[in-house]
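Good morning, and thank you for coming.

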Amino acid sequence: MKIKIDHRGAEQELERNYHNIVTMLDNNKIKYEAFDFHSECKKMRWDRLSILVNRVAHEQDNLKYFLLGSDGKLLILQKGVFRTNCVDCLDRTNVVQSLLGRRMLTIMLQVK
């Protein structure tokens with residue numbers, strides 16, 4: 001899963017190229033989700049990141065996570081990863097990754 005953050009200037013060209021390459025690959029295991037962080041979260045509206053998390057929730061659920069039982073037996077196999085990218089700000093990249101991580105941790109802790 002690829003999540004691009006921003007659609008302006010030089011980043012617009014990068015976004016277009018990512019989209020074109022993923023389309024060209026035509027691989028159903030690779031998904032691309034464009035998200036304009038600046039536009040969606042302007043004026044410190046961090047709560048709007050829920051738009052992105054909700055958009056990718058189904059894919060995240062399908063990717064699952066890796067879990068071994070206490071006996072070393074494989075209980076759950078993780079099927080993929082999320083890659084986030086923000087060209088000019090590692091902080092925004094980390095914000096998105098931490099939201100995805102928190103969501104998955106919540107799911108993991110609720111398993112019975």
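Which residues make up the largest nonpolar core? Before I answer, a word on the basis: this is a predicted model, in which local features need pLDDT of at least 70, side-chain atom pairs count only at pLDDT 80 or more, and totals for chains, interfaces and linings use all residues. Residues are numbered from 1 along each chain as its sequence is written, and side-chain values use heavy atoms, with hydrogens and water left out.

The largest nonpolar core has 10 residues, namely Phe-35, Phe-37, Cys-41, Leu-49, Leu-52, Val-56, Leu-63, Phe-82, Val-96 and Leu-100. By nonpolar core I mean a set of buried Ala, Val, Leu, Ile, Met, Phe, Trp, Tyr and Cys residues joined through side-chain atoms within 4.5 Å. Buried stands for under 20% relative accessible area, exposed for over 50%, and partly exposed for in between, with a 1.4 Å probe and protein chains only. Helix H3 (49-63) and helix H4 (90-110) each supply at least two residues of this core; H3 gives the most, with 4 residues. Helices (H or I, at least four residues) and strands (E, at least two) are DSSP runs, numbered from the N terminus.

One core member, Leu-63, deserves a moment. Leaving aside neighbours within four places in sequence, Leu-63 is in contact (heavy atoms within 4.5 Å) with Leu-77, Gln-78, Lys-79, Gly-80, Val-81 and Phe-82.

I turn to the aromatic rings. Across the whole structure, 2 aromatic pairs are found. Rings of Phe, Tyr and Trp (its six-membered ring) pair if their centres lie within 6.5 Å; planes under 30 degrees apart count as stacked, over 60 as edge-to-face and the rest as tilted. Tyr-18 and Tyr-32 have ring centres 6.4 Å apart and planes at 25 degrees, so this pair is stacked. Because Tyr-18 lies in helix H1 (residues 9-25) and Tyr-32 in strand E2 (residues 32-35), the pair ties together parts that are 14 residues apart in sequence. Tyr-18 is partly exposed at 24% relative accessibility, whereas Tyr-32 is buried at 16%.

In the pair of Phe-37 and Trp-46, the ring centres are 5.8 Å apart and the planes at 50 degrees, so the pair is tilted. Phe-37 is buried at 4% relative accessibility, while Trp-46 is partly exposed at 44%.

Finally, the chain as a whole. The protein chain has 4 helices and 5 strands, running β-α-β-α-α-β-β-β-α from the N terminus. Of its 112 residues, 32% count as buried.
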